Each structure stands twice: as C-alpha cells, then as structure tokens.
Amino acid sequence: MKICCIGAGYVGGPTMAMIAKQCPDIPVHVVDLNQARIDAWNSEELPIYEPGLHEVVKEARGRNLTFSTQVDAAIEDSDMVFISVNTPTKTYGIGAGRAANLEFVEKCARQIARSSSGHKIVVEKSTLPVRTAQAVKRILSSEAKDLTFDVLSNPEFLAEGTAIDDLLDPDRVLIGGESQRAIDALSEIYARWIPRERILTTNLWSSELSKLTANAFLAQRVSSINAISALCEATGADVDEVARAIGTDSRIGPKFLKSSIGFGGSCFQKDILNLVYLCEHFGLPEVAAYWEQVVTMNDHQKQRFSERIVKTMFNTVSDKKIGVWGFAFKKDTNDTRESAAIYICRDLLRERARLTIYDPRVSEKQIRSDLTYACTDANGQISASDQEMIANNVTIARDGYEATSEAHAIAVLTEWNEFKELDFERVYQSMLRPAFLFDGRNLLDHDRLESIGFEVHAIGKSSQRRRAED
Ligand code: UDX
Ligand code: ADP
C-alpha cells in the first residue's frame with residue numbers, strides 16, 4: 001500500500017504525518033502546488049503551528065513521509081489518494097457567499113483521472129457538500145482511460161491547536177463508501193492505532209452529511225451560549241456560571257459552552273452556509289433559515305463586542321490606542337481564517353481607533369492581509385481611506401507589554417495562555433486612565449484585575465451591576 005495526499009494544509013499535513021508515524025511500512029507522499037509551503041514542510045520551520053506536530057513530522061520525514069510538488073508522479077505511484085485541498089465558500093456567481101467552491105476538488109479529480117492507471121482508492125478528506133462524491137466519481141469515470149476506482153468519504157474531525165491529540169486518540173473515525181474492500185483497506189490503516197469499535201462505517205452520503213452536521217451542532221452550541229451572554233450582560237447573570245450550571249446536566253455536557261467574541265476558523269461558518277445552501281437547493285427554506293441563524297448570531301456577537309468597546313469608552317475611540325492581545329481564531333494555532341479578531345479590529349479601525357496588535361504566532365504580513373481582505377468589497381475594491389487606515393493605524397507589537405503601553409484600552413481577542421502570565425501591575429502602570437480591559441474570551445482573573453485598578457468588561461458579565469454592588 002502506498003499513499004498520496006493532495007493538499008499540504010492544516011488537514012492534509014498533520015493527518016498524513018500521523019499516518020506515516022503510525023505505519024512506518026507505508027510510504028506517504030504529500031503533494032501541493034504551493035512550492036513555498038512544501039519547502040516549509042521540508043524545513044525546521046513548518047508552515048503551520050500545531051503543538052506536537054514537529055516531533056511527529058521529524059520522526060517520519062525522510063523515512064516514509066515525503067513532501068513535494070510532484071503531484072502527477074505521486075498520484076501515479078500510489079494506491080490510495082487523499083483529496084485534502086481547500087473548499088472555500090464561493091465568492092462569485094450562483095451560490096455566492098454560501099455554496100462551497102469545488103473548483104480545487106474538481107481539478108484534483110481530473111488530475112487523478114489523467115495521471116492514473118490500474119485501481120485507485122480516492123478518499124475525500126476535505127469537508128464537502130453532500131453528494132460531491134457523485135461528482136468526483138463522474139469526473140473519474142469520464143476522464144480516465146485505464147483506471148478503476150473506489151471513492152470513500154473520510155472526513156476530518158481534528159480541531160486546530162489539538163490536532164495531534166485528536167489524531168492520536170479520536171472519538172471516532174468515520175468512513176463512508178460503497179465498496180467494502182475499499183472501506184476495509186482504509187480501516188486497516190486507522191486500526192493500527194485506533195480501536196476497531198471507534199471506526200464507524202456508513203454510506204457515502206451519511207458520511208459527507210455527518211461532517212457538516214457535527215460542525216453545525218458545535219457552532220450552534222457556541223452561538224446558543226453567546227446569545228445567552230447578551231442576556232446575562234443585561235440582567236446581571238454571569239455567563240460562566242450559567243454555562244457551568246447547564247453543563248453539569250449530563251444530557252447537555254460541559255463542552256463548547258465557552259462564551260466568546262464568536263467562533264472563527266476555516267470550518268464552522270463555511271460548513272453551516274454550505275448546509276444552508278443544500279437545504280435551499282432541496283426546497284427546505286425553513287430548515288435553511290434555522291441553521292442560518294447560527295451564523296447571524298455569530299456576526300451579532302462580534303459586532304456587539306466592538307460596539308460595547310466604543311460605548312464604554314465614552315462613545316468614541318477616535319485616535320485612542322487600543323492594545324489587542326491575540327489575532328488567531330483560537331489559541332495554539334497560527335491560523336486566522338474567519339477569526340473574530342479580524343472583524344472586531346476592522347470595526348474599531350473604522351471608528352478611527354489606533355490598534356497595536358500582538359499575537360504570539362500570527363505574522364504581521366498575515367494580520368495586514370486579513371484586515372485588507374476584510375475591508376475589500378464584493379468587487380474586489382478597497383477604499384483609499386480603508387487602505388490608509390490599515391497602513392497608518394495598525395502597529396504590530398512584539399509582546400503583550402508593548403501592545404498596551406500608553407494604551408487607553410486592552411482587548412483580549414484570543415485565549416493564549418501566555419496572556420494570563422503577564423505582570424498586570426506593570427501593564428496597568430503603563431496605561432492611560434481609566435485603564436479599560438475588554439476580555440473577549442473571559443480568560444483573565446477579573447477580580448484581581450479590578451483590585452489592581454483596571455475597569456474590566458467581560459463577555460456575558462454585567463460590569464455596571466458588579467461595580468454598583470461593590
Ligand atoms: C472545528 C471542529 O471542532 C473540528 O471537529 C472540525 O474538523 C473542524 O472545525 P476548529 O475550527 O479547528 O475545529 O476549532 P474549534 O476548537 O472547533 O473552535 C472553533 C471556534 O469556536 C473557535 O473560534 C473557538 O474559539 C470557538 N469556540 C469553541 C468558542 O467560542 N467557545 C467554545 O466553547 C468552543
Ligand atoms: P485545509 O485547512 O482544508 O487543510 P489549506 O488551505 O490549509 O486547507 O490547504 C489546502 C492546500 O491544498 C493548499 O496548500 C493548496 O495549495 C493545496 N491545493 C489546492 N488545490 C490543489 C491541487 N490541485 N493540487 C495540489 N495542491 C492543491
């Protein structure tokens with residue numbers, strides 16, 4: 001058995017590294033069109049940050065794990081081809097803003113058809129709309145000459161930041177397919193390190209739909225608790241207390257009840273919109289509207305946070321320095337796709353604030369490009385004033401202290417552990433008064449911060465009532 005994976009991103013890279021680690025006898029070849037990304041995978045500075053990943057890559061690279069841009073040769077040489085390319089939301093044409101853009105998947109299918117002979121097992125790893133496997137099968141059978149194939153759906157449930165643990169010890173592995181032989185071949189690989197009872201097999205369509213559904217349910221929990229956070233702020237209830245109270249009900253459970261500035265990441269919004277589009281396509285407008293509300297609530301949560309900052313700071317942040325801690329969509333990753341921080345920073349900039357941003361893993365280039373993208377309209381245009389604002393009013397800091405020195409306020413946008421370890425007396429001394437702190441992740445010890453002198457505003461906590469009671 002030889003494996004090839006097309007796409008060396010956040011999913012393909014770590015997943016293949018783990019398979020190669022666990023199966024030293026199976027050659028695993030990861031290919032990508034992006035030369036810079038492949039060079040990084042072959043270097044000491046991997047293109048993605050993920051705790052524990054470097055060790056896994058180091059163990060297998062050069063032994064049975066290879067990274068290259070030789071897409072055709074790798075396909076040709078393998079028995080099993082994973083498709084792990086990006087499937088962003090379409091930005092143009094039919095289904096714009098909702099449907100998944102399957103251009104890259106389709107190109108892969110065509111490439112597999114062109115470069116293959118004999119029998120191949122083609123595995124969909126990217127999250128795809130239900131019935132994509134049908135399209136992949138059609139392309140393979142219409143283009144291929146000497147090829148027979150089986151298509152499997154094997155969606156990824158790893159979360160960024162914990163990908164290595166999720167791959168080592170997953171709750172389940174899901175394999176959907178039609179051919180028992182192909183399902184068995186893939187199951188054998190996972191069974192090297194995952195107990196058989198956790199390897200679930202379904203038909204192709206259930207597998208494709210389960211992935212979208214899992215993400216929709218998880219995102220729905222975050223939007224549900226965030227909806228309650230708004231009510232907590234208005235009533236004097238505390239969202240963390242409410243989350244604890246309901247999370248101890250074993251039917252509800254404690255996970256994914258952490259209120260925040262809103263969910264981000266490459267999957268949740270994209271997958272829900274994809275589900276919405278599918279529902280509409282199948283003539284189910286009420287079902288579509290039900291799921292769309294999860295995204296609407298998430299947008300509202302981001303907007304509510306920036307508005308609260310402006311309102312609290314005497315209704316203006318114009319020319320005020322706001323120190324921003326964190327830009328990634330969550331801790332322990334350098335990924336910023338759909339990060340709530342992007343939209344909050346954009347809205348504060350449009351209120352004329354000056355932002356000094358610090359994130360332990362996100363580069364200056366990435367931050368500037370995300371903000372530029374967030375200010376770009378549907379026609380690809382960005383106004384001169386937005387461009388100027390990003391150039392002049394955004395500074396990147398090297399650490400948390402530099403970000404907040406001489407600042408009017410701090411906004412905590414990502415829950416990095418290192419922010420908890422800062423010397424808050426020092427931070428407070430370096431700031432202007434009143435020293436506002438907006439904790440968008442309910443990360444810090446608010447009682448302690450208030451005793452130092454900070455004016456703390458947190459998600460789902462009514463600051464005014466707290467102060468009035470003191
Ligand atoms: C998610 C799914 O968890 C994973 O199974 C799937 O394969 C891909 O999508 P990921 O996007 O990496 O993974 O991150 P996840 O940990 O699910 O967090 C998503 C977003 O929700 C983050 O912005 C996070 O900060 C936010 N979140 C999560 C909350 O705001 N509160 C929570 O309680 C949990
Ligand atoms: P994900 O988070 O799903 O892994 P990424 O965007 O991080 O998504 O990774 C997808 C990778 O797939 C990118 O590095 C991109 O260059 C690569 N890719 C897309 N289309 C092709 C293709 N036809 N052949 C090879 N690589 C591709």
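Trainee: Which helix lies across β9 and β10, and at about what angle to β10 does this helix run?

Mentor: The model is predicted. In it, helix α13, residues 340-350, lies across both strands. The helix runs at about 155° to β10, residues 354-358. Angles here go from 0 to 180 degrees between N-to-C directions.

Trainee: How do you know that β9 and β12 pair, and in what sense?

Mentor: Pairing takes at least two bridges between the strands. Strand β9 (residues 321-325) and strand β12 (residues 409-412) have 4 bridges. That count meets the cut-off, so the two strands are a pair. Their sense is parallel. For one bridge, look at I322: its partner in β12 is A409.

Trainee: What is the strand order of the open sheet?

Mentor: The order is β11-β10-β9-β12-β13-β14, which makes 6 strands with parallel pairing.

Trainee: Why is one side of β11 and of β14 left without a neighbour in the sheet?

Mentor: β11 (394-396) and β14 (455-458) stand at the edges.

Trainee: Why is V136 called buried?

Mentor: Count the other C-beta atoms within 10 Å of its own: there are 26. Buried needs 20 or more, so V136 qualifies.

Trainee: Where is V136 found, and with which residues is V136 in contact?

Mentor: V136 sits in helix α6, residues 132-143. Set aside its neighbours within four places in sequence, and the contacts are A109, V122, E124 and V151. Contact means C-beta atoms within 7 Å, so each of these four meets that limit with V136. E455 is elsewhere: from V136 it is 319 residues away in sequence and 56 Å away in space, C-alpha to C-alpha.

Trainee: From which domains does the shell around ligand 1 draw at least three residues each?

Mentor: From domain 1 (3-202) and domain 2 (236-469). In total, 19 residues surround ligand 1. K258, S260, F263, G265 and C267 are the closest. Helix α9, residues 204-235, gives the most, with 3 residues. By class there are 11 nonpolar, 4 polar and 4 charged residues.

Trainee: What makes up the shell around ligand 2, by class?

Mentor: It has 10 nonpolar, 8 polar and 3 charged residues. Among the 21 residues around ligand 2, those that come nearest are G7, G9, Y10, V11 and V85.

Methods: Residues are numbered from 1 along each chain as its sequence is written. Chains are lettered from A and ligands numbered from 1 in the order in which they are written. This is a predicted model: local features need pLDDT of at least 70, side-chain atom pairs count only at pLDDT 80 or more; totals for chains, interfaces and linings use all residues. A residue is near a molecule or strand if its C-beta atom, placed from the backbone, lies within 6 Å of it. Ala, Val, Leu, Ile, Met, Phe, Trp, Tyr, Cys and Pro count as nonpolar, Asp, Glu, Lys and Arg as charged, and the others, Gly among them, as polar. Two residues are in contact if their C-beta atoms, placed from the backbone, lie within 7 Å. Domain bounds come from an automatic or database domain assignment. A residue is buried if 20 or more other C-beta atoms lie within 10 Å of its own, exposed if 12 or fewer, and partly exposed in between; C-beta atoms are placed from the backbone.
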